[in-house]
Amino acid sequence: MQHIEFNQVTKSFGAVEVIPPLDLSIQNGEFVVLVGPSGCGKTTTLRMLAGLESASSGSIRINGEDVTDKAPGDRDCAMVFQNYALYPHMSVKDNITYAMRVHKVEKAEIERRVSDAVSMLGLKPYVDRKPRNLSGGQRQRVAIGRALVRQPQVFLFDEPLSNLDAKLRVEMRTEIKLLQRKLGTTAVYVTHDQVEAMTMADRVVVMRSGIVEQVDKPVELYDRPANQFVASFIGSPGMNFLKATVGNGSVRFGSQHLNLTPEDASRIGEHGEVIFGIRPEHFRQASHTSELSFHCSVVEPLGAHTLVLGTVGDQKIMAQVDPRFEADVGNTVSLDVDMTQAHYFDATSGQRL
Ligand code: ATP
């Protein structure tokens with residue numbers, strides 16, 4: 001049985017439908033990340049699951065039970081918010097134990113759970129402090145601790161790391177992931193950051209304009225994006241897209257062409273106009289097998305690798321190459337394209353071919 005099920009769930013605000021019928025199943029213990037550009041409906045979807053927003057139609061089930069019309073407190077979900085939502089006048093310990101005290105959990109049990117949570121989250125030295133005397137990362141840990149002690153069926157995270165600096169974000173995402181693994185609690189996590197989505201999720205749900213574009217494991221999204229939108233959203237630096245024509249076993253960009261792999265040739269053989277996709281990391285120093293030449297306009301050495309930006313005809317292209325590779329601005333650069341890593345999208349629909 002699926003742990004969480006959205007069945008034809010919609011949401012409208014007034015006359016505006018922000019979530020068209022949505023179907024989504026999440027398994028017990030899974031870490032699922034909803035990702036997409038601002039305004040695509042991730043938070044609304046999460047809030048409907050939490051019960052903080054009502055669905056306009058359709059049903060939501062948790063553990064087989066229809067919770068569509070249930071109050072947030074009756075859904076056994078604990079949510080961690082972007083702004084932490086801590087009580088400023090309460091100590092760390094009081095913040096963490098608040099919900100348990102309201103629900104009249106036994107005192108000894110409260111002590112046991114809070115002690116487990118603070119040691120798990122490294123908060124022991126801070127239990128008597130007020131939130132204002134904590135760093136952003138520590139506050140976020142308190143917010144997580146508060147969710148943890150409720151021992152919910154489901155953790156919900158709404159962009160919990162957005163207010164932290166880049167270094168702390170990387171640390172906290174590992175911590176959250178490890179914690180979720182250890183507890184085995186189903187988690188649904190919202191972010192607009194594709195790196196966060198890729199590194200934390202068992203499965204990623206890529207959304208655009210309320211529509212689920214693809215639900216897959218991170219590596220599948222990277223290797224086999226369902227359409228050009230997903231391909232452009234996943235991966236950093238982003239995938240290159242070039243208008244091209246496919247025919248006679250090759251893909252042509254103006255005066256240049258590359259040979260298709262036998263598999264691609266048999267699948268898309270004579271498709272005509274396509275969008276050719278290749279990630280910057282799938283260029284190699286030319287060994288003259290599938291070489292693409294382009295005009296080099298910018299070189300960005302980043303230490304571990306170098307980015308070479310340029311143009312093929314009037315189309316922009318970026319390659320990530322070995323830092324020892326020498327490319328001169330203003331000159332022509334020739335690099336091999338790893339054709340086993342090429343993607344092809346229909347020029348009109350953007351769907352993967
Ligand atoms: P972000 O990453 O910016 O938080 P999001 O993907 O989480 O975006 P939502 O917050 O779910 O997006 O919003 C989805 C759409 O619904 C947006 O167009 C937003 O303007 C609209 N919306 C959200 N809440 C309301 C509301 N209470 N009333 C009217 N429109 C709303």
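Biologist: Which residue comes after helix 1, and is its phi positive or negative?

Modeller: Gly-51 follows helix 1, and its phi is positive, near 90°. Helices are DSSP runs of H or I with at least four residues, strands are runs of E with at least two, and both are numbered from the N terminus. Please note that this is a predicted model, in which local features need pLDDT of at least 70 and side-chain atom pairs count only at pLDDT 80 or more, while totals for chains, interfaces and linings use all residues. Residues are numbered from 1 along each chain as its sequence is written, and side-chain values use heavy atoms, with hydrogens and water left out.

Biologist: Why is helix 1 described as largely enclosed?

Modeller: Seven of its nine residues are buried, so helix 1 is largely enclosed by the rest of the structure. Buried means under 20% relative accessible area, exposed means over 50%, and partly exposed lies in between, using a 1.4 Å probe and protein chains only. The buried residues of helix 1 are Lys-42, Thr-44, Thr-45, Leu-46, Met-48, Leu-49 and Ala-50.

Biologist: Changing topic, how many residues are in the largest nonpolar core, and which touch the most other members?

Modeller: That core has 46 residues, and Ile-96, Ile-144, Phe-157, Ile-176, Tyr-189 and Val-206 touch the most other members. Helix 4, residues 136-148, gives the most to this core, with five residues. A second, separate core has 29 residues, including Ile-268, Leu-292, Phe-325 and Ala-342. A nonpolar core is a set of buried Ala, Val, Leu, Ile, Met, Phe, Trp, Tyr and Cys residues joined through side-chain atoms within 4.5 Å. In soluble globular proteins, nonpolar side chains tend to be buried together.

Biologist: What does Ile-96 contact?

Modeller: Leaving aside neighbours within four places in sequence, Ile-96 is in contact (heavy atoms within 4.5 Å) with Val-114, Val-118, Leu-123, Val-142, Gly-145, Arg-146 and Val-149. Ile-96 is one of the buried residues of helix 2, residues 92-102. The buried residues of that helix pack against helix 3 (107-120) and helix 4. Just after helix 2, Lys-104 takes a positive phi of about 55°.

Biologist: Back to helix 4: is Arg-141 buried or exposed?

Modeller: Arg-141, which lies in helix 4, counts as buried at 14% relative accessibility. Its side chain joins that of Glu-175 by a polar contact of 3.1 Å. Such a contact is a pair of N or O atoms within 3.5 Å; within protein, one must be able to donate a hydrogen and the other to accept it, and residues adjacent in sequence count only if both atoms are side-chain atoms. Glu-175 lies in helix 5, residues 166-183, and counts as partly exposed at 30% relative accessibility.

Biologist: What about Val-204: where does it lie?

Modeller: Val-204 lies in strand 9, residues 203-208, and is buried, with a relative accessible area of 0%. The C-alpha atoms of Val-204 and Phe-31 are separated by 8.6 Å, although the two are 173 residues apart along the chain.

Biologist: Finally, how many helices and strands are there in the chain?

Modeller: The protein chain has nine helices and 20 strands. Of its 353 residues, 49% count as buried.
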